[in-house]
Amino acid sequence: RKKIVKLIGNSIKNLQGEKIFPEFKSLEIQVERPENKNYGDYTTNIALKISSLLKKNPIKIASIIEKRLSIKKLRIFEKIEVVRPGFINFFLSKEYLQGEILRILEDKKEFGNSKIKKNKKVQIEFISANPTGPLTVGNARGGPFGDVLGNILKRNGWNVKKAYYVNDYGNQILILGHSILKDSQAQYKGEYIDKLSKAVIGKNPKQVGKKGAKIIIKGIQETTQRLGIKYDEWLFESSIYKTGLVEDVLEVLKKRKLTYEKDGATWFKSTKYGDIRDRVLIKSDNSKTYLAGDIAFHQYKFKEGKFDKVINIWGADHYGDVPGLKAGVKALSIQKPFEIILHQFVTFLEKGEKMKMSKRKGKYLTMDELLDQINPDIIRFFFLKTSINTHLNFDLDLAKEQSEKNPVFYIQYAYARICAMLRKCKTQNAKGKNTIQNLKLLEDASELNLIKELIRFPEIIENTAIDYQVQRLPNYALELVSAFHKFYEECRVLTDDKKLAQARLGL
RNA sequence: GCCCCCAUAGCUUAAUGGACAAAGUAAUGGCCUUCUAAGCCAUUGAUGCAGGUUCGACUCCUGCUGGGGGUACCA
């Protein structure tokens, strides 16, 4: 795809004087894969775009571009076609596709990586549920999403740090303490509270809360590991306070005249930075709000060039907190990109009924309970397959009962088939190094189609690093595997023809 | 009231403004003496409603209907 974009770029350069049509410079060359295979492997609408600028016949423009490309007699293409209303379609040649296998075999795990963002540092923070109870299935949607998004950014050359922010400071820890002590101010309920009551010694609610939070966060760490999430750092709100950064940041805002006193509280003029209302930083009881700590935390994230970019993944219930924090980051003159991604909720269905959950009432399904029943690969796959902008319905009975009809097994089955072939070929001694001569034997439609699916991978990685549409990956996995199963049905890999067997094993 | 997200096949979901809307599941029929039939092939089936922008709209804009979330000196 990259090559085609480049080729088109060269061929339209002097199509018209740039002075007359400055829009040419900003014209994005779109090369995509048409859904219909009759339209080739790649297609571009560039002629249509140019025609609307020049008010000329798009077919004529497309033909000019096509001629300029064809003159070069590129071996990449079998043919280039102009079709009405003005698309240019590209058909890859067999030779090119066969050669791509060599490239993939050479790149191995590096295949699909890009070095566009070399040495740039990004922090991606996700889940960050309060340490007042075990991780619930409701908190966890951001987990697989953040984990995979981080992996994708890594493949694009970013230096990625995945972070969990532990809110072990503030009112909720005190309430946790009361709950463990089971006094009149107790709010949290559940089995875990009963266990903590036995495990934690002490009478001071704040101290008890702190100890309880420590135990809870340890459990959360284990749960995220079970889910296959690999965090690079666990950052504690309490240590942000210990460094004095919160006071420093409040001081800075005060000096910049961005705070004021009202009703005994200290307010932040966030409306100056596009917020709909001002926010409280210090409450009238002299304690700090969550926002105060969070702004300081973001100062910490960006200070001394720690990160070039920060991404936060939050649940949609934090929608109201976005403008306050964004205003805070702006007020501190932080110029680096700072993104907040919101994910919608997951609704769990049991026997066709919505499960209503409440942490305070002790009525919820924990992620550990879910992991006890369902394989983490399946949970991750189901969470990732759907765009985070939509509400996800997770049918528990379906996930449990229909495990054999599960799309995850469809993918894993391909892996099992591949493993079986590799096992057998060892005993048959059919394994060897591939050359382009061998690979030229791959001519079946199912073989060429599988290669076409394989070379989509770099494009998938690149696109996803730009638009964060992580659901593209599980969907790609399904399409790739579908091409594999078809190939497996059509072509016998371990044939008597040793050269052909080698080529197919390579594929 | 105002703000954000969503509405696609019976169900769960795909589709950077492109050419015939794609999968799984459910339903029906076919394919195993050959590398795992947890597979392959075929058939049936969809863009909530009303307008607008565009050569072209599931996609963008306006209104409506329905669902979820937000609108605290809680986190």
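Chain A folds into 22 helices and 15 strands; helices (H or I, at least four residues) and strands (E, at least two) are DSSP runs, numbered from the N terminus. The model is predicted: local features need pLDDT of at least 70, side-chain atom pairs count only at pLDDT 80 or more, and totals for chains, interfaces and linings use all residues. Residues are numbered from 1 along each chain as its sequence is written, with chains lettered from A and ligands numbered from 1 in the order in which they are written.

**Exercise 1. State the extent of chain A and its buried share.**

Start with the C-alpha trace. Along its principal axes it spans about 80 × 65 × 40 Å. Next, apply the burial rule. A residue is buried if 20 or more other C-beta atoms lie within 10 Å of its own, exposed if 12 or fewer, and partly exposed in between, with C-beta atoms placed from the backbone. Buried residues are 32% of the 507 in chain A.

**Exercise 2. Describe helix 6 by span and burial.**

Take the span. Helix 6 covers residues 142-155, which is 14 residues, and reaches 20 Å from its first C-alpha to its last. The expected span is 1.5 Å times one less than the number of residues. Here that expectation is 20 Å, and helix 6 comes close to it. Now count burial. Twelve of the 14 residues are buried, so helix 6 is mostly covered. Among them are F145, D147, L149 and R155. Finally, look past the end.

**Exercise 3. Classify two helix pairs by their axes.**

Axes are lines fitted to C-alpha atoms, for helices over the stretch in contact, and angles run from 0 to 180 degrees between N-to-C directions. Angles under 35 degrees count as roughly parallel, over 145 as roughly antiparallel, 65 to 115 as roughly perpendicular and the rest as oblique. A crossing is left-handed if the near helix is turned anticlockwise from the far one by less than a right angle, and right-handed if clockwise.

- Pair one: the axes of helix 5 (residues 94-107) and helix 19 (residues 445-454) come within 10 Å and cross at roughly 55°. The two are therefore oblique. Their crossing is left-handed.
- Pair two: the axes of helix 20 (residues 457-467) and helix 21 come within 10 Å and cross at roughly 165°. That makes helix 20 roughly antiparallel to helix 21. This crossing is right-handed.

**Exercise 4. Characterise the surface near RNA strand B.**

A residue is near the strand if its C-beta atom, placed from the backbone, lies within 6 Å of it. Of the 70 residues around RNA strand B, T43, D263, G320, Y413 and A420 come nearest. Helix 17 gives the most, with nine residues. Other elements supplying at least two residues each include helix 3 (46-54) and strand 4 (87-92). By class, the surface holds 25 nonpolar, 29 polar and 16 charged residues. Ala, Val, Leu, Ile, Met, Phe, Trp, Tyr, Cys and Pro count as nonpolar, Asp, Glu, Lys and Arg as charged, and the others, Gly among them, as polar.
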